[in-house]
Each structure stands twice: as C-alpha cells, then as structure tokens.
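Hi there,

Here is the structure I promised to pass on to you. Have a look at it first, and then read my notes below.

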Amino acid sequence: MRSGLLGIEGLAREEIQAILDRARDFQPKPDQGFRKLALLRGRMVVNLFFEASTRTRTSFEIAAKCLGADSVSITAQASSVSKGESLVDTLNTLAAMRPDAIIMRHAASGAPHFLQRHLETPIINAGDGTHEHPTQALLDARTILDRGTSLEGLRVAIIGDIAHSRVARSNAYLLSKYGAEIVLCGPASLLPPELKQIAPGVTLTTRMKEAIRDADVIMMLRVQLERQHEAAFPASEYFQFYGLRLEHLRLAKPDVIVMHPGPINRGREISSEVADSQRSVILNQVENGIAVRMAVLERVLSGVAAN
Amino acid sequence: MASLLIKNGRVIDPALSHDGVADVLIEDGVIVGIGKDLAVKQSAEVFDATGLIVAPGFIDMHVHLREPGFEHAETIESGARAAAAGGFTSIAPMPNTFPVNDSATVTSYIVEKARKHAVVNVWPIGAITKGSAGEELAAIGSMVNAGAVAISDDGRPVMNARVMRRAMEFARSFNIPVIDHCEDLHLSAGGDMHEGFESVRLGLRGIPGCSEDVMVARDILLAEVTGARYHVAHISAKHSVGMVAFAKSKGLSVTAETTPHHFSMTDSDMLPYDSHFKMKPPLRSHGDVDAVIDGVGNGAIDAIATDHAPHPGSEKMQEFEKCPFGILGLETALGVSFEHLLHPRKIGLKRLVELFTTGPARILGIPRGTLATGAAADVTIFSLDRGWTYDVNKSFSKSRNSPFDGKTFRGGPVATIVNGQVVWRASSTGGKE
C-alpha cells in the first residue's frame, strides 16, 4: 500500500527535506508560469473538501494539472454527505472509483486518520480540524528557505489563535525537526500550556513583543472565528494586543519575514501596512503552495515513499 | 426442593468476614449455609469449585440497558446476559432510556421486562428530574414504590444547584441515594477527551478534570446541607477523589464508584481518534489514574461499576467528535480489575470482592452482597489464574464498542448463580461460551 500524507508529526526530517528539495525543481522561473509536466499523466486524484477552502483546493488542483494528473473536485454541499451518508461510506464509494489518491479537508480533527484505517487509497490531508495541515507547513518551510539557507537555529514567532490552529501545530513539528526555536504566542485562553511539550524547541508567551524580539520569521494566524466556540478574548481588544503592526517589526531581526497562511483579516490580526510591506512574503507562500503540492503529489502517487 | 452444593471453593464474603475453603449450600434460591459437612440432600446438584473463589454475587451499580427506546443497542435481556457472563448477578440500569425512566410507569416496565427476560437481578435507577431536563423533580416517590433504588440524571447532570438541593432533600424522605454524573456542562462543552497534552496534540477539544471537580465540590456541600446520601458516579479526577475522602472524614454520607477503564487506562493509551476510547468522564492523566487507584485501596472509593454503555457500530464508526460517549464494560470488568488492581498488588482479594459486593449493596441499600444464611443465593465463582482472551464479537451485548477487544486476562468469572440458578458458565477451554 502506498502511503499518503496525514501529518508532519510522523515524518522524518529526510522525508521532509526530499519534498522541499523536489519542490524547488517545480518552482517557476521569474516572470514565467508553472511548467506543465507529464510526470503523473494517467493518474487521477480526488479533491474532497468538506470545509470551505479557496487557496488550498485551487492549489492542489493546479498542482495536479501541472503534473499531468486528472483531478476531480467535490465539495461537501454537492456530495452525498448532504444526503446523510456517513463519511466512511462516502470515502469507500469514491475509493471504488479507483483514484490514485484522495486529497481531503475536513472540519473534524483526525477525520483523515480515522478514514485511512479503513481505506487502501492514500489520503493527503489538506487540513483536519484543529490538528494538522501538513502541506501548509511544507510550503511555509519552502518559503523561509527561499530567503535564507537553513531552518536550523531560526527564531520563528507564531502568533494568534494557537489552540485552534492546525497551521501552528504542523509548523511547530516541522521547524522543531530542523532545530528551530519556535515561540508560540497568543492570549492565554488560546495558548494551552501543554503546547510547550508538543515538540522540542517550543516556548510559549502571551506577550507579543517578547515573541517578536529577534525573530527571523513572524507567522501570523488568522483569528478563526468559526472555531471559536465561546468568547476566549474580547474581540474588540484583539488587534490592540495581538495584531501585527509596523512598529513591531523594529523588534525583530532586520531581515525578518512576515508570513500568513491566509485568508488574512486586515485590521484584525495584521495591519494593512504590514501585509503589503516589503517584509511580507504572503504571496510567495501561495505560489510555493503549488510547487510543494506538486512534490507531495509526485511522492504519494509514484510511491517513492514506500521504497 | 432444588438444591445446589458449591463444593470446596475458597469462600470469600467480606460481609461475614469469611475467607477459607468451604462448601456453600443453596436450597430453593436461598443460602442455607457455609461450611464443611453440611447436610446435603442426595438429589443436590454439585458444583466443584476446587481452586476457584466463591463470592457473593457481584453487583454493577451503573449500567445502561438502553431499553426502552434504544433496543438496537442493547435490551434488558442482552444486557443481563452480558452481565452474567461478566460475573454479575445484579445490575442497576441508569434512567437515560426513551422515554426517560422518570415515572412509575417506566420503572414498572423495566421491572416487568427484567422479571420475564433478565437472567440477573435488575435494580432500576430513576431520574432526578422530569426527562432528566434538570428542572422539575421527577415522580421520585412513585418510582421508589415501583422498584427504583436510587435516582440519577446520569449523562445529563443537574446544573441548577437549587434543583439538586431539593432533589437531595426529597430523596432523604425515601432513604435513597442521589447519584450524580459530575460534569459541569459549561466547562466541558464541546469536549471529546481529557483536556491535557494529548488533546492539545490531537487537536481535540478537552474535558478538563475541573469540570468534574467543581460538581463534586458543589454536591458535597449540598449533601452536608441536606444530610442526603450522595454518591459520585464514575469518579475519574484526582481532586474529586480527594474531596470524597475529605467528605467521608467529616462523617458525611458520601460514597463513590469508579470504573475499570478509569483505573486501567490514561488518555495516552487511547488509539488516536478511535471512538472505542471515547467516554465520559474521559480517560484521564496518569496522576488521576494513580489517585483513583489509591482511592480504591484506601476506601475513598466504595465500589467498582462498569458504566456499560452500548452503542451500535453505525454511531461509533464516525469522525471522533461525532461519536457518542461510552463503552461496553460488563464482560471485562473482572479481568481488567485483576490485571490492574489485584495482580499488581494494589489491593487484596478481600478488598476487591468488597468493591463488587458489600460496597455497591450498601450504597444502593439492596439486600444483596452476602452469602449469609437466608440471603438470596446470588453467587459469583471466579478464577484468579485462568487465562482468557476477550473477543468482543462473541459478546452477549448487542453492541461491540469495547477498547478491550483482543486483550488477554489472567483470571475471570467462571460461573454466575442468580437465585440459586446457574445462569452462565465459562466454557472448559477457559474462553467464554
């Protein structure tokens, strides 16, 4: 059985490095588009999105097309889930149509892990609840590496709703495997103390200035109102205490980069000035999303990892 | 007159302070005597218990039989068979059926069904409030008259402290215990597993230990005010155990039960996103499990109960957060208790028997849990060394949701006798029939 990609936690550094290296091969040359390749011609992937997504779904679709694979996209509203079919039955039905992989996003943490136990078809996790978002961490690492030489020893501040962030978890796992220093920052109600044991090199702070001081990378997270089951902080105060503004950047390293997995909420977690500044690499992240997902699709569909 | 002689077993009855090899003679469903050279009729059936333990029938004071209303998951008949196969002779079903057991009508229905179809004794627990909605008191007196032995809004705890106070006061009139599933629903809202490192790692919402603790604290204070007999169901959190011990030291009528899964597994033992490890209260931390085990040993905890909670596969085969809470427990309770309490010498055999007999019998105030002459002949015969493997697909339950499937145990039930009748026997291979 070929293996899919469920999360970063269980990946070895070598596997991650192989994807990051391969993604560089797929990056477009300046002022050019992505090259169309035929590496996965004749292969088929299903994009199954149970949760709203623009960039991740489009990114996976383009990645598949760039490699010559066919891709079919299904959203929950249009699927038989809306007719009351269970998730296992939906996946079994799709698997019976013999796709080479299923790319899946679901609002329930662990949904792809649960399904993979019942399914032969490899599953690529495109984000599960508040658990992991492995391709986001990979594209973030690719983006950081494009500006520097190594992830080792970097100080990376991840700021926002850490408790509910799959992006924060996947990034913490990945960066930790490279020996980076990871500072997780947010209001205490969104920063469970247990997070510091999640991976070596992780520290926590509720003070934004402390997180940003000497940072090489600042990753801002979207305030996920749809995952807020209660008011964990006064919404009116969020930007004042945890919104990234230009004056913060002076505390960081001079060549600090500002990242955001999108979609950004200008004026809520990041000021417009920062989002549009020279330090922002937000659109580079989006572009790298395609290259990294091409590398992931190639790895999963060609069974490289199984060898 | 039907008579049964249980020969040559090691008879342990904490109620009689008896521990020694002896015969037990039963006639017409009643214990006639324990000893050697009993006057036995020629016609008596003989059960050779050599090398086995003979104890008063085990009582599980916390089960869900799902009838009426959810017969696809369990029935009084199937649940009673599972109980017998687990060595239990008495079970007390919680009232969260459909309709809720909040009236004499439903209580009588359960009593009648049990009389006709259950191979073990069934002692219904009535609801505290109508529909277990937490607002208006249920018809408590009528339920008691119909056979209810306690009241509880298990699974839907009474959040309004004033209602709980009134329930405790009213229950005093009938001298029945008020059993609370201690969970502050606001603190636990949306939670799927114990709040701690594992929940943070898995991205699942947590049920904090304090959601149990604050309710235990509230209830103990109310028990003091009202003088009620108050019982904590499935205690799982460290501070809750401490508070029960404190209440006992103050002389309050406070008791507690715990479940085999709460002293045998922690949140780090669960298979990620496997709903067979999803229950309330959730599997907690090592510190909590240690406190529960200490409580079982030192008397803070009075009984072991299973919280046997059958759910059909269709409900447990879903995204973790969509799956209902609860696991089977009747058939594995002894095996798990031996593996995690007895064999590692956390408690002795007499204490273990107490936790399944005199403990729950006293809490519920039922005339069971002893082999005294004249007592109903409920007997549990078990082995301490026979190896067996639990195969959930052979369970008598109608459901299959057990985290113990495939586990091997040293020691377990061998025969279950209810009112003098052998209602279940292990097969000679050591497995279950």
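Let me start with one helix of chain B, H8(B), whose buried residues are Lys238(B), Ser240(B), Val241(B), Met243(B), Val244(B) and Ala247(B). Please keep in mind that this is a predicted model. What covers those buried residues? The cover includes helix H7 (209-226), strand E14 (230-232), strand E15 (254-258) and helix H10 (286-298) of chain B.

H8 (residues 238-249) of chain B has 12 residues, so at 1.5 Å a residue it should span 16 Å, and the 17 Å between its end C-alpha atoms agrees with that. Just after H8(B), look for Gly251(B), which takes a positive phi of about 85 degrees.

Now zoom out to the whole of chain B. It is divided into domain 1 (3-54 + 375-425) and domain 2 (58-364). Their centres, taken over C-alpha atoms, are 25 Å apart. To the contact, domain 1 of chain B gives 28 residues and domain 2 of chain B gives 40 residues. On the domain 1 side, strands E17 (379-389), E18 (408-418) and E19 (421-425) of chain B each supply at least two residues.

Finally, chain A: it has 11 helices and nine strands. Its radius of gyration is 19 Å, close to the 19 Å that the globule rule gives for 307 residues, so chain A is as compact as a globular protein of that length. Buried residues make up 50% of chain A's 307 residues.

Enjoy exploring!

Definitions and conventions. Residues are numbered from 1 along each chain as its sequence is written. Chains are lettered from A and ligands numbered from 1 in the order in which they are written. This is a predicted model: local features need pLDDT of at least 70, side-chain atom pairs count only at pLDDT 80 or more; totals for chains, interfaces and linings use all residues. Helices (H or I, at least four residues) and strands (E, at least two) are DSSP runs, numbered from the N terminus. The radius of gyration is taken over C-alpha atoms; the globule rule is 2.2 Å times the number of residues to the power 0.38. A residue is buried if 20 or more other C-beta atoms lie within 10 Å of its own, exposed if 12 or fewer, and partly exposed in between; C-beta atoms are placed from the backbone. The expected span of a helix is 1.5 Å times one less than its number of residues. Two residues are in contact if their C-beta atoms, placed from the backbone, lie within 7 Å. Domain bounds come from an automatic or database domain assignment.
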